[in-house]
Amino acid sequence: MTTIALPHPTRRLTPAPPAGDLLDTPKFPKSVKRYLGNSQLRANLRHATGTIRAKRVRVVSELPNWEQLRQAGEAIKNRTARHLDSYLEQLEANLVANGAQVHWASNAREANRIVVELVKAKGVSEVVKVKSMVTQEIELNEALEAAGIAAWETDLAELIVQLGHDRPSHILVPAIHRNRSEVREIFLQEMKLYGRAAPKDLTDNPPDLAGAARAHLREKFMRAKVGISGANFAVADNGTLVVVESEGNGRMCLTLPETLISVVGIEKTVPTLEDLEVFLQLLPRSSTGERMNPYTSMWTGVTPGDGPQEVHVVLVDNGRTKVLADPIGRQALRCIRCSACMNICPVYERVGGHAYGSVYPGPIGAILTPQLRGTASAIDQSLPFASSLCGACADVCPVRIPIPELLVHMRHRVVDERKRKHIGLERAIMKVGGWIMSRGSRFGAVEELAGRARGILRKDRLGPMPWPGSAWTNARDLPLPPAQSFRAWWKSGHTDNPFTANRSGEGAQP
Amino acid sequence: MSKSEILARIRNSLVDVTQDDPVLDVPVDWSYGQATAVAEPVQLFIDRVIDYKATVVRAADWAEVPGLVAEVLAQAGATSLVAPAGIEPAWLAQAEAAGIELERDDPPLSHQRLNDISAVITAAAVGMAETGTIALDHRADQGRRELSLVPDMHVCVIGTDQIVTDVPQAMARLAPSLRQHQPVTWISGPSATSDIELSRVEGVHGPRTLHVIVVG
Ligand code: SF4
C-alpha cells in the first residue's frame, strides 16, 4: 500500500474554528431556518433555559429587596457610564499604583496587537484562558494563533467548543447544543492531538467527562507561564478586578502563571469596592440561579509572593464609546452578561445562539451587537427585529435594561439609515397599493386576479417566493388568497361561506 | 495615544451630561453594608454550606479543632497536608501524630509539589450565612491563593464570630483587606460545572472536596 502525500494545509496549533466570519451570518430570518430544523438543539435549549429559569425564580424570590437591588444596580451602572472618563482614569491610576501595567485599545485590532506583543515578549508559545466574552468579541484566539501562540480555553464548555471546532451557542453554557455522547467523541478524538489524551475507556457520564477535562487541563495549568482573563467588574476606587466563575479554571489561570493579562471592556468599571455588594448578589442569582457561584476572585494589581508577578490590564473600547453616544442606546452598556434575558426569551429558546451571528446572542445581543458593530451587514440590520417584543427580558434583567424599548429604538435607527440610502422598494409598493385601494373597481379587479392565481398554483399556502416576495415569505408561509373574494361572495347573494368551503375543498389533509 | 483618543470619544459621547459630580448626577438609593434579616446566621451558614455538598463539622471551642482536623483528614483518606506559614500550629499536631505527612508552604512550594499533596488546611476571613460562602483574604493563616486551589481537598476552619448575615456585611468586612491590596477569594462549595447537558458535576478544577470546621 502506498500513501500519497497530500499537500498539507498549514498546521494549526489549536483546533480550527468553523470557516467563515460571524459577520457573514445571513440576516436573522434566514439564519434561524438552519437552526429551527435542528431538533437536538431545540430540545437541549428548551431543557437548559427551562431549568435555569426555574432556579432563577426560586433564588430571586428569596430576597425581599430584589427590586431595590436591581434599582441600585441600574443606578450604579448609570453613574459609571455618565462619568466613565473620570472613573477610567481613577481605575488606571489605582492599577498602576498597585504594580499593574495598563494598556488602552480603541479597537479589536489594537487590543489583539497589544496582547500578542505582551505574550511574545515572554517568549512562550501557549497561554491558558479563562472564559471571557470580550476576548471572543475581538477574536483574540485567532490573532494569537496567527502569531504562533496556542490559546487554550479552560472552561469546560469552552473546551468542548474549541476541541469541537465549533462556536459557543450560549454565553453561560456555551456547549449546550452538544449532548454527552458528542462530548465524549470530541474528547476521544481531539484531546490526544493537543495534550493529554482522554482515557480510552472514557464513558459519556458527565463526571467522567469532567474528569478527563480536569486531567487534560491540569497539565496545561501546571506549565502555563501566561494567563489571559477578562473581568466581570473593575473597581475604579481601588484598582481591583473581579472574576466570577464556577469550575476553578479561572482561579487556576489567575493564580498559577507568572504573567496575567486581563482584557477588560471599559464598561465593566464600577465606582467603589462597596458597589460590589450589589452586583455580587444580582449576578449569580440572575445567571446560574444560584445564591452564589462557586468561586469569585478579586485581585488588585500585583500581590508580592502571591500569584502572577507581572500583571497587565488592557482596557478595550471597540465600539463602546459609540454606544455611549446614544443616550437611549447606552443603557445596553449596563449589561453584566448574566444571560437571564436569553433564558427567558421565546425566540432564543427556539433558535439558539448561533443564529444571532455574534458572540452576544439573545435579546441583549439584538440590541448591543448592532450598536457595537454598526448596522452595515445584513445580520446586524436584522437583529433588532429578532424579537416579538414580549417584554419578558426586561422583567428579568438585573440592571433593568428596557430591552424592548431599545429594540424599537434600534429598529428606528436601522430603518432611518436604510431610508437615507435608497428610496425603499417598500415605499414603491405602498404607493402602488395606495393607488389600487383608492378605487373599489381597481381593488376588485386585483382580487379576482388573485383568486385565479390560486387555481393555477393548486395549493393553499405559499412557501418561499422569489424576491421581492422573499422579504416576507422566507420566514413565514403565506396563505393563498381565497378562490372567491369577500366582495364577490357578497354580490353573489352569499349563500355559503367561501372561506370554509375553500378550506375543506382542498389542501386539508385527512 | 489610544488613551487620549478613547477618553476624548467618551467625553464627546457624554455631551448630555452636565452635572460634573457623579454622586449628585445619579443618586444611588441603597444603604451599604447592612445586615439582612437572618435569625440564626451560624445555623443558616452551616445549612447552606451543606447545600453545596460540602461537609461541615461543628467544634464547641478552639480546643476541639486539632482532633477534628485529624478526624476529617483520616475519614477522607488524606495522606499529606500542606499548611500556610501563619496557621495556628496546634491545629496540626494531632494529624501529624496520626501519620499525615505535613508540609509548610515556607518557603513556597512548587506547583507540582502542591499538585501531589492530598489536602490543604486554611483559616478563613468571613463566612456569609445567606449564601453559604467562605471568603479568604489570603493573610498568613490562609496562605497564598494557589495553596487553597491546587490540592484535591480543602479543610477550612472558621469561627462563628466570623460569620455574617450576607454579602453586604461581608463586603464591609473585606473592603479593608482589599484596600491593603490583599487578594480575596470567595468559595461557595467545591468547584462545579453544569456544562454537559446541565447535569451538575462537583469538583472540576479546584479542590474536589471542601470540609468546613465551624468553631464556637
Ligand atoms: S441584558 Fe440584562 S438580563 Fe441580559 S445578559 Fe445583560 S444583564 Fe443579563
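In this predicted model, 43 residues line the second largest pocket, with Lys131(A), Leu172(A), Val244(A), Glu245(A) and Ser287(A) lying nearest its centre. A pocket here is an open set of points on a 1 Å grid over the protein atoms alone where a 1.4 Å probe fits, with protein on both sides within 12 Å along at least five of seven lines, and lining residues have an atom within 4 Å of a point. About 890 Å³ of space lies inside, counted as the space filled by probe spheres set on the points. The lining splits into 19 nonpolar, 12 polar and 12 charged residues (Ala, Val, Leu, Ile, Met, Phe, Trp, Tyr, Cys and Pro being nonpolar, Asp, Glu, Lys and Arg charged, and the others, Gly among them, polar).

Over in chain B, six strands (DSSP runs of E, at least two residues) make an open sheet with parallel pairing, ordered β1-β12-β7-β4-β2-β3; strands pair if DSSP finds at least two bridges between them. β1 (55–59) and β3 (101–104) of chain B sit at the edges with a single partner strand each, so one side of each has no neighbour in the sheet. β4 (residues 119–122) and β7 (residues 153–159) of chain B pair over four bridges in the parallel sense, and Ala119(B) stands opposite Met153(B) in β7(B).

Residues are numbered from 1 along each chain as its sequence is written, while chains are lettered from A and ligands numbered from 1 in the order in which they are written. Local features need pLDDT of at least 70, side-chain atom pairs count only at pLDDT 80 or more, totals for chains, interfaces and linings use all residues, and side-chain values use heavy atoms, leaving out hydrogens and water.
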